[in-house]
Structure formats: C-alpha cells, structure tokens
Amino acid sequence: MPRKDITVLIVDDAADTRSSIRRLLGLSGGMEVVGEAANAAEALEKIGQLSPQVVLMDVNMPGMDGITATAKVNSTYPDTAVIVMSVQGEIEYLRKAMMAGAKDYLVKPFGVDELVDGIQKVWARELERRAQFSASTGLEKTPGQVVAVFSPKGGVGKTTLAVNVAAALVSEHKAKVCLVDLSLQFGDVCVFLSLVPRRTMSDLVSESTLDAGTIASYLIPHSSGIKVLPAPLSPEYAEYVVPEHVTRILALCRTMFDYVVLDMPASFDEVTLAALDAADKVFLLGNMDMASLKNMKVALELMGRLAYGIRFADLEGALARKVDFYIHHEDIPAMLAANRGVPLVLNQPDNKLAKRFRELVNEHLMPKRRKEGAVGLWRRR
C-alpha cells in the first residue's frame with residue numbers, strides 16, 4: 001500500500017537548519033522526514049536509497065550547488081519533486097530554480113504553515129499530473145532512452161550516424177524519436193534532413209517557462225517521423241544555452257519520446273558534460289588514423305574518470321579497449337544521402353552502410369539485446 005504521509009528528504013549543509021526544518025514538519029501531521037543530507041552528492045545517493053516523494057533543496061552548498069543538484073534529481077529521479085530553499089529572494093534565483101525543474105521556491109526564513117502548505121501543494125499537483133497522464137495513455141510510461149553520438153574529433157561522421165540511428169528507430173521499430181542537435185555552434189542536422197529551422201534551441205531557452213509543451217512547439221517534424229530540435233542559427237547564439245538548460249530539456253524529452261538521440265559537439269565543454277551525464281548510452285566514434293585514435297583514447301580515459309561506466313576489458317591497439325561495433329564507411333553513398341537531405345536508411349535501405357546502421361540500432365538500443373554501459377565505435381577502413 002502507498003504511504004499515507006508525504007515523504008521528505010531535507011538537503012542543507014547546516015545541521016541546525018536541517019534540525020529546524022525537521023522540527024517544523026513534526027508540528028504538522030501528514031509529513032514524514034525519511035532522511036537528511038549535507039550536500040548534493042549525499043542527497044543524490046539518499047534519493048536512490050530512500051525514494052522520497054519531496055526533496056527540500058538548499059541553493060548554497062559546498063561543491064555542487066542546489067540548482068545543479070535539482071537538475072540532476074529531475075533528470076535521474078523524475079518521480080521526485082524538488083522544492084528549492086534559499087535566503088535569496090531575487091527573481092533570477094527563482095527563474096534558475098524553475099528552469100532546473102524545481103516545483104516551488106521557498107525563501108528563508110519560513111514558518112511552519114508556509115513550509116507545509118508548499119509541500120502539500122507541490123505533491124498534490126504532482127499526483128494530479130500523474131493521474132492525467134495515466135488517464136490519457138492508459139498506462140504508466142517508461143522514460144525514454146537518451147543516446148549520445150559523440151567524438152572528440154570532428155569530421156568522423158557523428159551527424160551521419162545520429163541521423164541514421166534516429167531514422168532506423170522510426171522506420172524499423174516505429175519508435176517516437178527526438179533528434180537534438182547539440183553541436184550548438186555549427187550544427188548540421190537540419191542540413192542532413194533538408195529542414196529549414198526558424199526557431200532553435202537558443203530561442204527555446206529564452207522562454208519564461210521551459211516545459212514539455214514549450215519544447216514541443218519548437219520541434220520540427222521530418223517526413224520520416226523524426227522530431228528535430230535544431231541548433232542555433234549562428235555560432236554566437238550558442239552561449240545562451242547553458243548546462244542547466246540541456247539537463248532540463250533532456251529530462252522533459254524523456255517523458256515525450258521513446259528515444260532522444262543527441263548529435264554532440266567534438267568538445268568536452270560544460271554543455272557536453274551535462275548531456276553525457278544525462279545519456280543512457282554513448283556511441284563514441286573515430287577514424288582509423290593516429291590523431292583520431294589518440295583522441296578516442298584520451299576521451300575514454302576522461303569518461304572513465306567521470307564515472308561513465310567505461311570498461312577497459314581488452315587491449316586493442318592504441319585504444320587499449322575492445323571495440324563494440326564496426327561500421328565500414330562507404331563515402332559516396334553517405335555523401336549523396338547528406339546532399340539529398342534524406343537519411344541513408346530511408347533513401348537506400350539495401351545499402352551495406354544502411355544495413356549496418358540498422359544492425360547498430362538492433363544490437364545496442366533494442367530492449368531485448370540492450371547492453372548496459374556498452375559503447376559503440378565508428379571504425380573506418
């Protein structure tokens with residue numbers, strides 16, 4: 001049976017503040033404090049262990065701040081509602097908290113009535129949202145997978161692979177797919193699909209409300225069924241998209257699509273790291289040249305240090321790692337498909353390269369054969 005009380009986790013670096021909040025909640029029935037955390041890392045661990053319904057998250061903490069932590073909770077534990085607490089009452093702090101996915105914002109100091117009322121209203125809205133979703137679908141929807149197509153070196157075929165993976169998921173498996181162009185300065189997804197964007201991600205993040213409905217209005221439909229979120233039209237607009245935006249957008253896209261495919265930039269900036277954090281699967285690409293091999297080796301080592309689940313199981317050349325998947329690149333068909341603006345798997349489904357794209361999807365993305373933590377590599381001969 002579900003718990004009668006609303007379960008709460010208190011996150012604040014000050015022990016006396018956590019004690020005061022616990023005491024306030026104890027004055028009112030219907031609340032159960034299931035745990036406390038002094039920092040964001042501890043909070044994320046305890047959310048996984050305790051599954052609280054509501055998290056009270058302070059903004060100012062050592063290490064990871066509360067806004068960043070809220071975005072991570074929102075993407076990793078979508079069934080947990082976060083209420084941000086802060087001594088700062090400025091609208092800019094409120095805007096950042098809402099953008100990260102907070103359900104409410106409480107300014108310290110607050111009284112018992114304000115605290116309890118805030119928690120009750122947030123959880124009531126969450127229950128209503130779930131009921132409406134269940135009524136419209138008839139079942140609980142499993143969050144979609146985020147698939148990042150990444151390389152530390154440009155010109156290896158990231159966009160070609162991302163576009164064709166998305167097309168194969170739609171055409172072969174009837175999946176709902178969103179293709180997000182995260183190459184924010186020089187994105188080419190729309191070129192590869194013959195789409196003309198008018199509003200892009202830089203426009204999306206300027207919206208006062210960043211929710212599923214707002215995102216849907218920015219998606220461009222492709223004739224294949226893929227929905228595309230375009231990169232900014234000009235490189236200088238890339239700076240408007242920050243990690244919190246990416247985390248929030250991907251968390252919402254999970255609720256809207258079966259698969260969210262990311263065409264990543266060839267860099268390890270903060271936006272890239274936010275996207276990799278959100279990804280369930282990373283396809284790491286490279287060519288068979290020394291510069292590409294060196295960059296892949298460095299990337300794998302860095303991703304391993306960042307706890308992305310990379311396993312150095314076997315030695316294989318300079319990579320010191322087993323390659324999971326090979327694609328023997330055929331330049332002319334791929335180039336022609338890009339110039340026509342039609343994915344190869346749709347334009348030439350019997351082509352060897354198109355078949356390999358479909359095999360990649362079947363082997364690494366389909367549920368029955370999914371390999372958790374595996375990384376696919378583009379290998380060129």
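Me: Is Tyr-237 buried, partly exposed or exposed, and which class applies at its relative accessibility?
Reply: The model is a predicted one. Tyr-237 has 36% relative accessibility. Buried would need a value under 20% and exposed a value over 50%, so the class of Tyr-237 is partly exposed.

Me: With which residue does Tyr-237 form a stacked aromatic pair?
Reply: By the rule used, there are two aromatic pairs. In one of them the ring centres are 6.1 Å apart and the planes stand at 25°. Planes under 30 degrees apart count as stacked, and the partner of Tyr-237 in this stacked pair is Tyr-240.

Me: Which class of accessibility does Tyr-240 fall in?
Reply: The relative accessible area of Tyr-240 is 46%. Exposed begins over 50% and buried lies under 20%, so Tyr-240 is partly exposed.

Me: Over the ring of which residue does the charged end of Arg-199 sit?
Reply: The charged end of Arg-199 lies 3.9 Å from the centre of a ring. A charge sits over a ring if, among other things, it is within 6 Å of the ring centre. The ring in question belongs to Tyr-218.

Me: How many helices and strands are there in the protein chain?
Reply: The chain has 381 residues, and 51% of them count as buried. Among contacts with a separation of 6 or more, 71% are between residues 24 or more positions apart. As for its elements, the chain contains 15 helices and twelve strands.

Me: Which elements give two or more residues to the lining of the second largest pocket?
Reply: The second largest pocket holds about 440 Å³ of space. Its lining has 18 residues, and those closest to the centre are Lys-72, Ser-75, Thr-76, Asp-277 and Ala-278. The elements that give two or more residues to this lining are α3 (66–76), α10 (243–256) and α11 (270–278).

Me: How many residues in the lining of the second largest pocket are charged?
Reply: The lining divides into nonpolar, polar and charged residues. Eight are nonpolar and four are polar. The charged residues number six.

Me: Is Thr-247 buried or exposed?
Reply: Thr-247 is placed in helix α10. Apart from residues up to four places away in sequence, Thr-247 touches Ala-71, Lys-72, Ser-75 and Ala-274. Its relative accessible area is 11%. Since the cut-off for this class is under 20%, Thr-247 is buried.

Me: In which strand is Val-146, and what is its relative accessibility?
Reply: The place of Val-146 is in strand β6 (residues 145–150). Leaving out neighbours within four places in sequence, Val-146 is in contact with several residues, including Leu-250, Arg-254, Val-260 and Asp-280. Val-146 counts as buried because its relative accessibility is 0%.

Me: Which class does Thr-142 fall in, buried, partly exposed or exposed?
Reply: Thr-142 lies in the loop between α5 and β6. Its relative accessible area is 62%. Exposed means over 50%, so Thr-142 is exposed.

Me: What distance separates the C-alpha atoms of Asp-258 and Thr-142?
Reply: Asp-258 is found in the loop between α10 and β10 (259–263). Asp-258 is partly exposed, at 29% relative accessibility. Along the chain, Asp-258 and Thr-142 are 116 residues apart. The separation of their C-alpha atoms is 8.3 Å.

Me: How far are the C-alpha atoms of Thr-142 and Thr-255 separated?
Reply: Thr-142 and Thr-255 are 113 residues apart along the chain. Their C-alpha atoms are separated by 7.9 Å.

Me: Which residues does a cis peptide bond with omega of about -5° join?
Reply: One of the residues lies in the loop between β5 (104–107) and α5 (112–137). That residue is Pro-109. The cis peptide bond with omega of about -5° joins Lys-108 and Pro-109.

Me: What is the phi of Ser-51?
Reply: Ser-51 lies in the loop between α2 (40–50) and β3 (54–58). It is partly exposed, with a relative accessible area of 47%. Although Ser-51 is not a glycine, its phi is positive, at about 50°.

Note on methods:
Residues are numbered from 1 along each chain as its sequence is written. This is a predicted model: local features need pLDDT of at least 70, side-chain atom pairs count only at pLDDT 80 or more; totals for chains, interfaces and linings use all residues. Side-chain values use heavy atoms; hydrogens and water are left out. On a 1 Å grid over the protein atoms alone, a cavity is a set of points where a 1.4 Å probe fits but cannot get out, and a pocket is an open set with protein on both sides within 12 Å along at least five of seven lines; lining residues have an atom within 4 Å of a point. Grid points are joined across faces, edges and corners, and a volume is the space filled by probe spheres set on the points. Helices (H or I, at least four residues) and strands (E, at least two) are DSSP runs, numbered from the N terminus. Ala, Val, Leu, Ile, Met, Phe, Trp, Tyr, Cys and Pro count as nonpolar, Asp, Glu, Lys and Arg as charged, and the others, Gly among them, as polar. Rings of Phe, Tyr and Trp (its six-membered ring) pair if their centres lie within 6.5 Å; planes under 30 degrees apart count as stacked, over 60 as edge-to-face and the rest as tilted. Buried means under 20% relative accessible area, exposed over 50%, partly exposed in between (1.4 Å probe, protein chains only). A charge sits over a ring if NZ of Lys or CZ of Arg is within 6 Å of the ring centre and within 35 degrees of the ring normal. Contact means heavy atoms within 4.5 Å.
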